[in-house]
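Subject: Handing over a structure

Hello,

I am passing this structure on to you, and my notes follow below it. Please have a look at it first and then read on.

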Amino acid sequence: MAKTTHEQTEPPRSRWRLIGPGLVVAATGVGAGDLVATAVAGERYGYTLVWAAVLGCLIKISLAEATGRWHLATGRTIFEGWRGLGRWTAVYFGIYIVVWGFVYGATAMSASALPLVALFPDGPSLRTWGIIAGLLGLVCVWFNRYAVVEKLMMAFVGVMFVVVVGIAIRVGPDSGALAAGLVPTLPDGSVLYTLGLMGGVGGTITLAAYGYWVTAKGWRGPSWMPMMRLDNRVAYATTGLFVVAMLVIGAELLNAADLALSQGDRGLLDIGDVLEERFGTVTAKLFLIGFFSASFSSVIGVWHGVSLLFTDFLGHVKPALSVPEEDRERSRPFRAYLLWLTFPPMGLLWLDQPIGLILTYGVLGAFFMPFLALTLLWLLNSDRVPRQWRNGPLSNVMLLASGVLFLVLCVQQVRDLPW
């Protein structure tokens with residue numbers, strides 16, 4: 001008989017070897033655009049915004065922990081929780097996940113293609129590499145279940161982490177300035193930029209997928225709560241080190257070279273050029289491999305995690321399309337959304353300068369995070385959750401603060417549109 005989400009299973013005593021879902025959600029949330037934003041923060045403000053990057057990781061820990069706690073404490077998915085708040089959540093989420101998937105598919109494929117074009121300048125075009133990246137993501141998820149996806153993601157996380165942290169060490173951080181950067185300081189004109197750094201790195205719709213990955217891992221019931229929390233903290237501690245490493249690269253490499261990065265993901269190619277000039281071709285190519293690992297890990301993570309979200313959404317909106325939890329990764333709704341992420345967005349790759357695409361993706365991302373933070377705040381303070389697993393004061397403060405932060409960023413994204 002198949003296990004249900006309500007079934008109690010006991011975690012083993014040795015927990016470290018089980019870490020995985022947290023790294024999947026953290027790595028999926030760190031894309032090429034986040035690397036650029038973090039490097040630019042280092043280039044513009046040196047080490048003064050280290051504290052903002054660390055605080056941003058703490059915010060993501062609180063959001064992912066709240067999502068995982070909901071799944072384990074109630075035995076229900078996050079979408080079931082949203083449905084309990086009213087039909088408006090299904091309308092909001094349904095429109096969002098369809099439009100976001102179309103825009104993100106093109107963005108992710110393009111970001112994965114950029115380092116491949118730089119690594120193989122005589123090879124295929126950006127569009128061709130983008131299509132190849134999308135098809136590879138489709139194949140990786142279509143023919144495999146979560147266990148294999150997790151192993152693939154952890155391999156990319158390892159490459160990304162070792163390359164970026166290794167380069168940061170080679171560049172040579174100023175340890176005194178790095179320590180001083182942990183003290184909150186706001187340089188002139190940096191308020192909105194600081195908020196963006198706190199909210200942007202590691203924060204996407206895939207934070208909502210964390211509970212689905214926890215369940216796919218086989219963690220069911222409150223007895224797995226300590227394991228989930230360890231998994232989540234280790235993942236975002238790793239992300240925090242990664243973010244600080246990118247700040248170091250920006251502060252020590254770009255600031256010294258007085259280099260302003262290109263807009264968007266192409267800014268990482270500028271970093272590769274500076275690394276080649278200073279350390280040689282091998283270091284530059286290693287950085288491009290790390291760039292590809294960050295981008296393509298997001299492709300795999302989104303293709304899998306958001307397809308699970310869509311499958312759950314469709315099963316609740318149209319009960320006739322509902323599938324058992326153990327069959328979701330082989331279901332028609334799951335595979336239909338995989339195809340939606342992969343093929344329709346390929347048409348957007350023919351836009352030479354997709355400024356509208358970039359703006360749309362930024363605004364769409366800004367609209368989801370306050371929804372997630374504030375609905376989790378609502379759900380986890382209600383009688384839908386057993387009393388012992390409801391929010392404590394710290395969780396309430398973190399979720400409320402993150403909700404306000406993301407609302408501010410959302411308003412700013414809309415204001416920045418070229419009306």
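Let me start with a term: a residue is called buried under 20% relative accessible area, exposed over 50%, and partly exposed in between, using a 1.4 Å probe and protein chains only. Threonine 206 has 1% relative accessibility, so this residue counts as buried.

Two remarks on how to read the rest. This is a predicted model, in which local features need pLDDT of at least 70 and side-chain atom pairs count only at pLDDT 80 or more, while totals for chains, interfaces and linings use all residues. Residues are numbered from 1 along each chain as its sequence is written, and side-chain values use heavy atoms, with hydrogens and water left out.

**Confidence**

The pLDDT is the predictor's confidence in each residue, from 0 to 100. Its mean over the protein is 86, and 88% of the residues reach 70 or more. Over residues 1-8 the pLDDT is below 50, and this stretch has 18 contacts in the model beyond near neighbours in sequence. Contact here means heavy atoms within 4.5 Å.

**Threonine 206 and two helices**

Helices are DSSP runs of H or I with at least four residues, strands are runs of E with at least two, and both are numbered from the N terminus. Threonine 206 sits in the loop between H9 and helix H10 (210-216). Leaving aside residues up to four places away in sequence, threonine 206 touches Val25, Thr28, Gly29, Trp213, Gly301, Val302 and Val306.

Helix H2 (residues 32-45) is mostly covered, with 11 of its 14 residues buried; among them are Leu35, Val36 and Tyr45. Just after H2, glycine 46 has a positive phi of about 65 degrees.

Helix H5 (residues 87-119) has 33 residues and spans 48 Å from its first C-alpha to its last, close to the 48 Å expected at 1.5 Å a residue. That expected span is 1.5 Å times one less than the number of residues. H5 bends by about 25 degrees at glycine 101, the bend being the angle between axes fitted to the seven residues ending there and the seven starting there.

**The core and its rings**

A nonpolar core is a set of buried Ala, Val, Leu, Ile, Met, Phe, Trp, Tyr and Cys residues joined through side-chain atoms within 4.5 Å. The largest one holds 132 residues, of which Trp82, Ile271, Trp303 and Phe368 touch the most other members. Helix H13 (residues 281-317) gives the most to this core, with 17 residues. Not counting residues up to four places away in sequence, the contacts of tryptophan 82 include Phe93, Phe368 and Phe371.

Rings of Phe, Tyr and Trp (its six-membered ring) pair if their centres lie within 6.5 Å; planes under 30 degrees apart count as stacked, over 60 as edge-to-face, and the rest as tilted. By this rule there are 21 aromatic pairs. In one of them, phenylalanine 93 and phenylalanine 368 have ring centres 6.4 Å apart and planes at 55 degrees, so the pair is tilted. This pair links distant parts of the chain, with phenylalanine 93 in helix H5 and phenylalanine 368 in helix H15 (residues 355-379), 275 residues apart. Phenylalanine 368 also forms a tilted pair with phenylalanine 371, at 5.9 Å centre to centre and 50 degrees between the planes. Phenylalanine 371 is buried, with a relative accessible area of 7%.

Enjoy exploring it!
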